[in-house]
Amino acid sequence: MPSRPSRLIPLALIGSLALAECDVVFGLGGSGAIRAQSQGSMNLRLRRGNDGVELVIEGVGDQPLLQQRLNGQVWEGRLQTQGAPGVRNGQVRLSDPVIGIQSATLVGSGSSYALKVTPSPGRPLKDPVVSADGRDLILKFSGLVVAPTLQTGRLNLNTPGRVPQTQYAPPLRPRAVAPPLGDMAVGTMVMQNRSYVNVSGPPVTLTLNNAPAKDALMALARLGGYGFVFVGEQGGGSQDAALPIRPVSIAFQNESYARALNGVLLASGLQGKLDGRTLMVGSKVSANTFGPQMSKVYRLNQSSAVSAAKYLGSLGASIQEPVPLKTTSILEEASGDASNSSSNTSEQIEIRSYSSGQGPLVGLIGTTDSRLQTITLIGDSLLVKLAEGYLRQIDLRQRQVALSVRILDVSLDNDSTISNSFAFRYGNNFILSDRGELVGAFGNLLPPNNSNFDAIAGGAESGKFQREIVSGRDAQIADRLIPPSPTPSRINPGNVFPKDNLFDLIRSIIVSSSTKTLASPTLILSENPVEISGGADVASSGVDSALQTATIGRSKANESFVTVGTQETVNYIVSAGQNGAPNSCQPVLGTAGLTFGARVSKIDDNGFVSFSLSPTIAAVTGTQNVEGCGPRSILSLRRLDTGSLRVRDGQTLVLTGVISDRDAQQVRKWPILGDLPLIGQFFRESAGDRAKRELVVLVTPKIISDEQGGSYGYGYQPSLPAARQLMSSDSF
């Protein structure tokens, strides 16, 4: 049989404990165990398990490499170690035919060793599972199990023993790695070092120790043939007090003129700028020049002027932003006992200036116009060009996504009822089975109960005859007994049925209903989280509020909300009437239908869309009458609020789990007879009510391409023929 190709398995072992002396065990325990002493630290040991045999290589060390293959029925492996643990005499051999290992050998020296495992005849050998327990290398050969043996003898309960436990080390797994980040849109600009002054001159040999930086720079400018202008800051005191200059200590030996001059500027903390043949030096001279400055006005397409100005201000530009301020003054005038107050509101423009004070755009001045969304930049031409490059990179078109949502609301109802009622009269005996309830009457009359006992007794407390004394002109009986009156007594209802007859009534009904509500809205959203002026966070609750409110859109640009359904009266607000007037009821309306909200948080460059959803479906499941007001509807509500979901462009995410399952069973039956098989159904009533509600939401994001059109936006085609005809007409 041809041998399999070698496989290289890297193993990262937890520990590197090595023993100076170890035992090599031939066989497994017991009196027949053979032990051999090894001078090296690597040993072989066989360990039995419930589902295989483990070959343990002790003292391997850290980070070994094992190359293994099956050569026919013989397993061969080559082991590379980091150190040189060594093996006694260069070879160790084990043998245990009982478990199916004819021989297991370990040979080698230094850091290279060879392993070989030969099975017993008729015992197949498979690839081992390689693992480690922190110190040793473990090879587990599955399928080699010792046949069970019958143990006989008397147990000595007074002698404690060791309970055998299965030893198992999980196989090594690849190290966990983070998911790929994907590509990022990167804009690169190469900027010149504005702190470096490009000058030329003779080599410089100069040594200074704590010398004034201004004098050193003036001397270097004279050496190179440049004019020198020192620009100091405006201060309340002298120029030196307003601008403290650090002394410099330098030592140059035939150094280039440009490196020497820039070295003094770096050591002093000053800035230098070459204008023609004049060297200007100061703490902030980047914006100072003898030549003309440049002014440009940029009208932004996607980014707002305020956000672009803040971005440039963080890079060092000085931004002058006009901010309107409203001032309200209240004037009170007293005239006798009455006082009048009037208010006057005035609006002023305040210029707010901000800058980070450091960055590549220091020395650039900018201002904004919110009406046209423009930003004006004033400064050196190189600074304006650099700022223009930044504006081009941030004034990008924001992506839009079409969220195609399909909402499926499934309602399954299954009601089943089976009952049997019968009556039987035999003489004055009447037996009735009313849907599993046993009722029997024996005799012509029914026994009295608490409500008619005194009436049947004729008013007598003891139920016996009472004596009545009659007097008067026409009295004929002066003394008589009053028997109890039988008229209020209850009679046996079976007397109205013919004698010796059986009457039976069987009812059985199964009612099944299935309701499916399908909604498929499509929302087009952008990833811009900017707030919209005049938007509302709460959707309109009724028709009147939707038509009368002046809010337009949502409060943020990356949100959308859809409401489709009918308005139902779900409650009443009862107000007590005054002066004998009846109470007034104000209905509270709720939407029976679909309400769906979505928010897009991110559309990255790799085609992934991050969003969150809140679909809600409400349906009328019953009505209830409110006394004095009218009926109100009972809504069954199913709502799903998700967290942040991330789905690739064009893929469909299935959201489910909003399930309500109700199963009710009711049984009424006779004692004993209702439990009999087959005929027991005649003595009982069985009713089952099972209802299941499930809400399934399928979401498919599709990023809209503004350049090539697509299924949404510019290239959208409606599904209805009438709508397509309208869009294709010339008047549309």
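**Contacts, burial and salt bridges in a predicted model**

Q: Which residues is Thr 105 in contact with, once its neighbours within four places in sequence are left aside?
A: In this predicted model, Thr 105 is in contact with Leu 44, Gln 91, Val 92, Arg 93, Ala 114, Leu 115 and Lys 116, leaving aside its neighbours within four places in sequence. Thr 105 itself lies in strand β9, which covers residues 101-109.

Q: What makes Thr 105 count as buried?
A: The relative accessibility of Thr 105 is 16%, and a residue is called buried when its relative accessible area is under 20%, so Thr 105 counts as buried.

Q: Is Ser 560 buried or exposed, and how do you know?
A: Ser 560, whose place is in strand β30 (residues 559-575), has a relative accessibility of 18%; the limit for a buried residue is under 20%, and therefore Ser 560 counts as buried. Not counting residues up to four places away in sequence, Ser 560 touches Leu 523, Leu 525, Arg 554, Phe 596, Gly 597 and Ala 598.

Q: How many of the residues in the protein chain are buried, as a percentage?
A: Buried residues make up 30% of the 732 residues in the protein chain, whose secondary structure comes to eight helices and 36 strands. Of the contacts in the chain with a separation of 6 or more, 65% are between residues 24 or more positions apart.

Q: Why is helix α1 called roughly antiparallel to helix α3?
A: The axes of α1 (residues 213-224) and α3 (residues 257-268) come within 10 Å and cross at roughly 165°. That makes α1 roughly antiparallel to α3, because angles over 145 degrees are counted in that way. The crossing of these two helices is left-handed.

Q: Which residues of α1 and α3 meet, and how do they divide into nonpolar, polar and charged?
A: From α1, Ala 213, Ala 216, Leu 217, Leu 220, Ala 221, Leu 223 and Gly 224 meet Tyr 257, Ala 260, Leu 261, Val 264, Leu 265 and Ser 268 of α3. The residues of this contact divide into 11 nonpolar, two polar and no charged.

Q: What makes the pair of Arg 48 and Asp 96 a salt bridge?
A: The side chains of Arg 48 and Asp 96 meet at 3.6 Å, taken from N to O, and the cut-off for a salt bridge is within 4 Å, so the pair qualifies. The pair links distant parts of the chain, with Arg 48 in strand β4 (residues 43-48) and Asp 96 in strand β8 (residues 91-96), 48 residues apart.

Q: Which of the words buried, partly exposed or exposed applies to Arg 48, and which to Asp 96?
A: Arg 48 has a relative accessibility of 42% and counts as partly exposed, whereas Asp 96, at 6%, counts as buried. The reasoning rests on the limits of under 20% for buried and over 50% for exposed, with partly exposed in between.

Q: How many salt bridges does the structure hold, and which residues are linked in a network of them?
A: The structure holds 16 salt bridges, and Lys 296, Glu 388 and Arg 392 are linked in a network of such bridges.

Q: Why are Asn 254 and Ile 672 called exposed?
A: Asn 254 has a relative accessible area of 58% and Ile 672 has one of 66%; a residue is exposed when the value is over 50%, so both are called exposed.

Methods. Residues numbered from 1 in each chain as written. Predicted model: local features only at pLDDT ≥ 70, side-chain atom pairs only at ≥ 80, totals over all residues. Heavy atoms only, no water. Axes fitted to C-alpha atoms, helices over the stretch in contact; angles between N-to-C directions. Helix = DSSP H or I, 4+ residues; strand = E, 2+ residues; numbered from the N terminus. Parallel < 35°, antiparallel > 145°, perpendicular 65-115°, else oblique. Left-handed = near helix turned anticlockwise from the far one by under 90°. Contact = heavy atoms within 4.5 Å. Nonpolar A, V, L, I, M, F, W, Y, C, P; charged D, E, K, R; others polar. Buried < 20%, exposed > 50% of the residue type's maximum accessible area, 1.4 Å probe, protein only.
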